[in-house]
Amino acid sequence: QVQLVESGGGLVQPGGSLRVSCAASGRAFSTYAMGWFRQAPGKEREFVAGITWDGRSTSYADSVKGRFTISRDTVKNTVYLQMNSLKPEDTAVYYCAAAVIAGSPPDYWGQGTQVTVSS
């Protein structure tokens, strides 16, 4: 069983930066692939970024490539999403997720954290 708790969301101006975090509980955290998804009002939830259990491989949606960076700290049981050059279209609820197999539908979800990009 893995529990995920996101934090770090908030209001930021276009062009600004924000880092959201996902704290995981459970001793098996280091064996899970982790990912970030987001859902904007009236839209489907979409994949944003993913990282393998060992941190050696990452993947990104085309819309955030070059601007967002996913990382994980196994000692702290935490996954991060560093977001730079934010745009209004990045506004969404950001969800952390854990999957036993990278690329498979997540097995666990966090409750989400709101990120709003607006002047």
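Let me start with what counts as a pocket here: on a 1 Å grid over the protein atoms alone, a pocket is an open set of points where a 1.4 Å probe fits, with protein on both sides within 12 Å along at least five of seven lines, and its lining residues have an atom within 4 Å of a point. Grid points are joined across faces, edges and corners, and a volume is the space filled by probe spheres set on the points.

What we have is a predicted model, in which local features need pLDDT of at least 70 and side-chain atom pairs count only at pLDDT 80 or more, while totals for chains, interfaces and linings use all residues. Residues are numbered from 1 along each chain as its sequence is written, and side-chain values use heavy atoms, with hydrogens and water left out.

The largest pocket has a volume of about 220 Å³, and of the 18 residues that line it, Met 34, Phe 47, Gly 50, Ala 102 and Gly 103 lie nearest its centre. By class, the lining holds ten nonpolar residues, eight polar and no charged, with Gly counted as polar.

Turning to the sheet, four strands form an open, antiparallel arrangement in the order E1-E3-E8-E7, where two strands pair if DSSP finds at least two bridges between them. Strands E1 (3-7) and E7 (68-73) stand at the edges with a single partner strand each, so one side of each lacks a neighbour in the sheet. E7 pairs with E8 (residues 78-83) over six bridges, and Arg 72 has Val 79 in E8 as its bridge partner.

Technical notes:
Helix = DSSP H or I, 4+ residues; strand = E, 2+ residues; numbered from the N terminus.
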